[in-house]
Amino acid sequence: MTTPVRVGPYSMRPAPRALVVSLALVAAAVALALVAVSTGEFTVPVTDIVTALFGQGTPVAELIVSELRAPRVVTGLAVGAAFGLSGAIFQSLTRNPLGSPDFIGFTAGAATGGVLVVVMGGTAVQIAAGSMLGCVISAVLVYALAFRRGVQGYRLVLVGIGVNAVLLAADNYLLTKANINDAANAGAWLNGSLSGRGWDHALPVAVALAVLVPVCCAVSRPLRMMEMGDDAARAVGIRVEPVRAAAIVAGVLLCGVATAAAGPVMFVAMAAPQLARRLTRSPGVTLIASALTGAVLLTAADLAAQRLLAPTQLPVGVLTAAIGGTYLALLLRKDRR
């Protein structure tokens, strides 16, 4: 047992393994980013990447690095971190590995909002706004339906799964009523993709992370206590409902902004917290490690989607869905045992 470290009125108990794992994940994310930026049809040496980013490289290298590859990689890292952090929050709240935005209707709500704008011929900014609005509306709906003298985790999951099914049906209905070109665009967006992403996609997610990560850190310790039950949390002085409301708002906004930037990339929010938990050997969900794991997962999946069938590129959502489906089957098999 490590000794708590006190800083003024605050104290923290260092977790050496979690720190080592987090540093390793950061190193893995940097390595994947360098590989993704430097390799492809036109190879850019690692030494030329920094000069190109600062405008000191050749025109071709600056175009490839600064305008094409780096924005895509940064968007992938930020979106993966946002999905991983959002999934960790909701899995902690529900005390259930299936309690991620993918299953409880929030990602589906964001997808429905985006699809509705796509089939109406909206711009990229309007699609992002529609995605955010859809995520917020679905979250409010799920929370309201699940609320009964507070929100219990199992009730949130069950209500969320029902709302998720309704929203998926709404997506299919919208696709059948759209003209063929709009339906094709909406179908491509629903797969989740980082293709063609620029700095205008990466910046909103980065700003959201900068604002919401401190909020998540502030509620991290109360959430860990709430994993033992609301009564136990109240017994140590935690205001359960305000903490839960703040966590839900942060998780919903992270899910919404990530979906707006890359589409509904499935299973990252579900798998990242569980992988982070196993890597850190933590008894509960770890927020920062989950965010880093999500960033590494999505960046690795996007790199594989670009290289596996080159020159054909797969949408990253197709690859994460295939991997996530396998992971879900293994998780259910383990729970059955």
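## Exercises on a predicted model

Gln306 is found in helix H12, helices being DSSP runs of H or I of at least four residues and strands runs of E of at least two, numbered from the N terminus. The model is predicted: local features need pLDDT of at least 70 and side-chain atom pairs pLDDT 80 or more, while totals for chains, interfaces and linings use all residues. Residues are numbered from 1 along each chain as its sequence is written, and side-chain values use heavy atoms, leaving out hydrogens and water.

**Exercise 1.** Determine whether Gln306 is buried or exposed, and which residues Gln306 touches.

*Solution.* Begin with accessibility: buried means under 20% relative accessible area, exposed over 50%, and partly exposed in between (1.4 Å probe, protein chains only). Gln306 has a relative accessible area of 13%, so this residue is buried. Next, take the contacts (heavy atoms within 4.5 Å). Leaving aside residues up to four places away in sequence, Gln306 touches Arg72, Thr312 and Gln313.

**Exercise 2.** Find the salt bridges of the whole structure and state where their residues lie.

*Solution.* Apply the criterion first: a side-chain nitrogen of Lys or Arg must be within 4 Å of a carboxyl oxygen of Asp or Glu. The search finds two salt bridges.

- One joins Asp302 and Arg72, with the closest N and O atoms 2.9 Å apart. Asp302 belongs to helix H12 (residues 287-307) and Arg72 to helix H3 (residues 59-94), so the pair ties together parts that are 230 residues apart in sequence. Both Asp302 and Arg72 are buried.
- Another joins Glu241 and Arg244, whose closest N and O atoms are 2.7 Å apart. These residues are three apart in helix H10 (residues 240-262), and therefore about one helical turn separates them. Glu241 is partly exposed at 23% relative accessibility, whereas Arg244 is buried at 3%.

**Exercise 3.** Classify the aromatic pair of Phe103 and Phe267.

*Solution.* Rings of Phe, Tyr and Trp (its six-membered ring) pair if their centres lie within 6.5 Å; planes under 30 degrees apart are stacked, over 60 edge-to-face, and the rest tilted. The whole structure has two aromatic pairs. For Phe103 and Phe267, the centres are 6.1 Å apart and the planes stand at 75 degrees, so the pair is edge-to-face. Phe103 lies in the loop between H3 and helix H4 (106-119), and Phe267 in the loop between H10 and helix H11 (268-280), 164 residues apart. Phe267 is buried, at 14% relative accessibility.

**Exercise 4.** State the mean pLDDT of the protein chain and where pLDDT stays under 50.

*Solution.* pLDDT is the predictor's confidence in each residue, from 0 to 100. The chain has a mean of 84, and 93% of its residues reach 70 or more. Over residues 7-11 the value stays under 50, and the model has four contacts for them beyond four places in sequence. Where pLDDT is low, the predicted coordinates should not be read in detail.
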